[in-house]
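Hi,

Here is the structure I said I would pass on to you. Have a look at it, and then read on for what I found.

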Protein chains: 2
Amino acid sequence: MTRFEFDIKARCGAARMGRIETAHGEIRTPAFMPVGTAATVKAMTPEAVTETGADIILGNTYHLMLRPGAERIGRFGGLHDFMHWRGPILTDSGGFQVYSLSDLRKMDEDGVTFRSHIDGTKFHLSPERSIEIQHLLDADITMAFDECTPYPATEEVAAASMRLSMRWADRCRAAFVQRPGYALFGIVQGGMYGDLREESAKALQDIGFDGYAVGGLAVGEGQALTFSTLEATVPHLPADRPRYLMGVGRPGDIVGAVLRGIDMFDCVMPTRSGRTGQLFTPHATLNIRNARHADDPRPVDAACRCPLCRNYSRGYLHHLFKAKEILGSMLATWHNLTYYQDLMAALRQAIAAGALEAFAKHHGALAAQGDIEPV
Amino acid sequence: MTRFEFDIKARCGAARMGRIETAHGEIRTPAFMPVGTAATVKAMTPEAVTETGADIILGNTYHLMLRPGAERIGRFGGLHDFMHWRGPILTDSGGFQVYSLSDLRKMDEDGVTFRSHIDGTKFHLSPERSIEIQHLLDADITMAFDECTPYPATEEVAAASMRLSMRWADRCRAAFVQRPGYALFGIVQGGMYGDLREESAKALQDIGFDGYAVGGLAVGEGQALTFSTLEATVPHLPADRPRYLMGVGRPGDIVGAVLRGIDMFDCVMPTRSGRTGQLFTPHATLNIRNARHADDPRPVDAACRCPLCRNYSRGYLHHLFKAKEILGSMLATWHNLTYYQDLMAALRQAIAAGALEAFAKHHGALAAQGDIEPV
């Protein structure tokens with residue numbers, strides 16, 4: 001029987017390289033999880049997602065409970081069978097998406113009542129219901145239901161919000177049915193206040209989780225504050241458990257967070273940017289819709305192994321986006337996810353080689369050269 | 001050096017099974033050509049198109065001359081290199097699409113002046129310019145520039161229109177640069193009038209083409225009139241040259257036309273229907289958006305070899321269409337093109353086995369059973 005395990009194989013400063021074992025297979029860390037919001041990584045087949053190098057994908061509890069419905073996915077045997085993804089899946093708790101509904105939600109100690117953005121139907125989410133939904137989805141990694149503290153927030157507001165999340169974390173732990181290979185992660189909150197982050201990290205460890213996430217970042221605070229908050233948080237997390245920075249981020253954010261001891265990431269950036277024609281390369285972020293690409297016979301990145309870069313020119317991709325052709329979104333998403341996975345592979349290699357600082361400096365230098373095209 | 005050749009390997013009544021050799025490879029006939037309007041078969045990679053069993057695809061001169069432009073594709077080395085399709089390509093002449101612009105076009109003996117539906121830019125198409133564009137696109141099979149006779153049309157109108165197309169056919173022949181492995185096809189017109197069709201077929205043979213298309217059908221005349229017009233046309237075409245029925249059609253139309261001696265087909269039906277959630281199966285055409293599919297764990301067609309049917313349930317595909325996910329269009333298109341290519345393979349096999357009549361009756365019986373769901 002597979003156990004949920006985290007093996008750290010190499011360290012480099014605060015950074016770690018290793019593997020997580022789950023019910024549906026292994027995750028190489030540091031890991032980037034493509035976002036599969038509505039039971040699909042947009043514009044990609046699961047086989048293509050695997051080819052990019054992804055070991056694990058993320059599903060969104062909020063979207064899936066609304067459509068097609070958690071009980072329905074349960075009847076299909078869970079999210080893996082439903083969407084034909086054989087590897088591990090992490091699901092978020094729904095808290096963050098409900099938080100972004102603002103006017104449509106009502107919160108109390110029990111949980112959140114809200115109306116569907118699709119058809120206005122009333123729904124309720126609580127720690128217990130979130131855990132139940134993630135169980136129906138058959139998530140390998142279930143996230144505790146929390147409140148995402150707004151930014152900016154006073155220390156008082158951030159403290160009250162974090163402490164509510166800690167009471168909810170306790171209820172999540174009680175509701176979660178432990179099974180071999182499955183895990184429950186707690187989420188550190190506390191806004192941008194280091195002492196609140198420390199309090200939250202300790203509260204979660206008192207409850208005891210299989211992994212620890214850092215939530216409430218990448219909410220508009222800027223990279224410097226993200227990094228300093230990480231520095232105030234990570235040292236208070238157990239050294240032998242995976243650490244997941246939620247919703248982050250740009251390639252430079254990921255490199256900086258790995259340097260600070262983070263093992264897991266998710267972000268819509270590579271997929272969403274792909275669908276709008278923003279292409280990541282080591283030297284620049286290209287906006288392929290710009291007219292200057294129309295006659296360019298070069299690939300987006302000559303060194304990239306993805307189908308877009310192996311088989312097509314910038315001029316062709318430009319044409320696909322001008323003509324609003326689906327293949328444009330397909331190829332650009334494939335490229336961006338490949339770029340992200342190759343970055344993670346390079347980070348793992350740099351950690352194993354004890355050369356992460358040099359890699360990060362080189363990456364920073366490349367990023368500084370990069371021209372980011374206006375949209 | 002590859003020559004353009006058509007070898008008939010088997011006959012069954014008027015039907016023929018064989019192969020066409022072109023500069024970019026072989027086409028098994030009877031053949032169905034997926035439509036790649038804007039230098040992409042919508043929602044498909046070229047590799048996926050090949051996996052469905054397609055040997056050749058069709059490109060649209062009208063759309064490509066407007067965007068990205070014929071001279072531009074020429075600079076990219078032609079349509080094959082531009083869109084990464086290694087097999088043969090047939091391009092239409094642009095005539096049919098310009099015909100459908102109605103108010104935006106002005107026609108005279110030389111050709112047609114029209115405004116782009118994209119940005120209103122003025123363009124001119126003539127027999128010479130159409131051939132030049134198709135040369136820039138590097139089409140393996142170039143179609144003569146013709147006028148699509150309206151339907152219904154009086155015999156007088158149909159005769160005048162057909163004779164204009166025959167004068168244009170002569171100019172196309174003169175403008176076409178013959179190269180090994182490349183072909184120019186003439187197009188029979190004449191509306192629904194058998195004597196005009198015969199006159200047109202003979203006029204084209206006097207000029208001399210590498211293949212002969214039947215144009216001006218599938219314009220709303222109904223299947224019975226399509227078939228009777230074919231019966232009045234095909235016997236007047238040379239027996240040793242490929243015959244192409246343009247823009248047809250539904251599976252039953254294709255079976256009936258193969259019985260009447262047609263070798264090649266194109267139609268947007270499998271791709272366009274795929275994007276709207278209409279799925280072809282031997283027993284029914286499913287509208288996957290219907291609520292009754294939401295909880296159905298069965299594949300669309302258990303006997304189908306496509307990725308949709310091997311890996312996903314009707315319930316999942318229903319969800320993708322309800323959520324407007326790109327993967328829905330990708331998988332449904334893949335399925336429908338597989339259905340069409342497997343139909344063509346079955347037709348080729350039935351001809352080789354001398355059993356086409358029985359196959360057609362069986363196909364008709366299946367089609368009669370089929371429930372076609374309302375949209």
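Before the strands make sense, one definition: two strands count as paired if DSSP finds at least two bridges between them. Also keep in mind that this is a predicted model.

Strand β1 (residues 5-12) of chain A runs antiparallel to β2(A), and seven bridges join the two. In this pair A:Arg11 sits opposite A:Arg16 of β2(A). Together β1(A) and β2(A) make a hairpin with two residues between them, and A:Gly13 in the turn has a positive phi of about 65 degrees.

How much of β2(A) is covered? Six of the eight residues in this strand (15-22) are buried, so to speak mostly covered.

Further along there is an open sheet of three strands in chain A, in the order β7-β8-β9, with antiparallel pairing. β7 (105-107) and β9 (122-125) of chain A are at the edges with a single partner strand each, so one side of each has no neighbour in the sheet. On average, neighbouring strands here are turned by 15 degrees against each other, direction ignored. Three bridges hold the antiparallel pair of β7(A) and β8 (residues 112-115) of chain A, and A:Met107 stands opposite A:Val112 of β8(A).

The contact between the chains takes 30 residues from chain B and 31 residues from chain A. On the chain B side, α3 (70-75), α4 (79-83), α13 (314-322) and α14 (326-352) each supply at least two residues. The largest share, five residues, comes from α13(B). By class, this side of chain B has 15 nonpolar, eight polar and seven charged residues. The copies meet through the same surface, because 100% of the interface residues of chain B are also interface residues in chain A.

As for the inside, the largest nonpolar core has 243 residues, and those with the most contacts within it are A:Phe185, A:Leu317, B:Phe185 and B:Leu317. Leaving out residues up to four places away in sequence, B:Leu317 touches several others, among them B:Ile288, B:Val300 and B:Tyr312.

Finally, some backbone details to check:

- The peptide bond from A:Arg67 to A:Pro68 is cis, with omega near 10 degrees; A:Pro68 lies in the loop between α2 (61-66) and α3 (70-75) of chain A.
- From A:Val248 to A:Gly249 the peptide bond is cis too, with omega near 0 degrees.
- A:Ala43 is not a glycine, yet has a positive phi of about 70 degrees. This residue is buried, with 25 other C-beta atoms within 10 Å.
- B:His84 has a positive phi, near 60 degrees, and counts as partly exposed, with 19 C-beta neighbours inside 10 Å.

Cheers

Terms used: Residues are numbered from 1 along each chain as its sequence is written. Chains are lettered from A and ligands numbered from 1 in the order in which they are written. This is a predicted model: local features need pLDDT of at least 70, side-chain atom pairs count only at pLDDT 80 or more; totals for chains, interfaces and linings use all residues. Helices (H or I, at least four residues) and strands (E, at least two) are DSSP runs, numbered from the N terminus. Axes are lines fitted to C-alpha atoms, for helices over the stretch in contact, and angles run from 0 to 180 degrees between N-to-C directions. Two residues are in contact if their C-beta atoms, placed from the backbone, lie within 7 Å. Ala, Val, Leu, Ile, Met, Phe, Trp, Tyr, Cys and Pro count as nonpolar, Asp, Glu, Lys and Arg as charged, and the others, Gly among them, as polar. A nonpolar core is a set of buried Ala, Val, Leu, Ile, Met, Phe, Trp, Tyr and Cys residues joined through C-beta atoms within 7 Å. A residue is buried if 20 or more other C-beta atoms lie within 10 Å of its own, exposed if 12 or fewer, and partly exposed in between; C-beta atoms are placed from the backbone.
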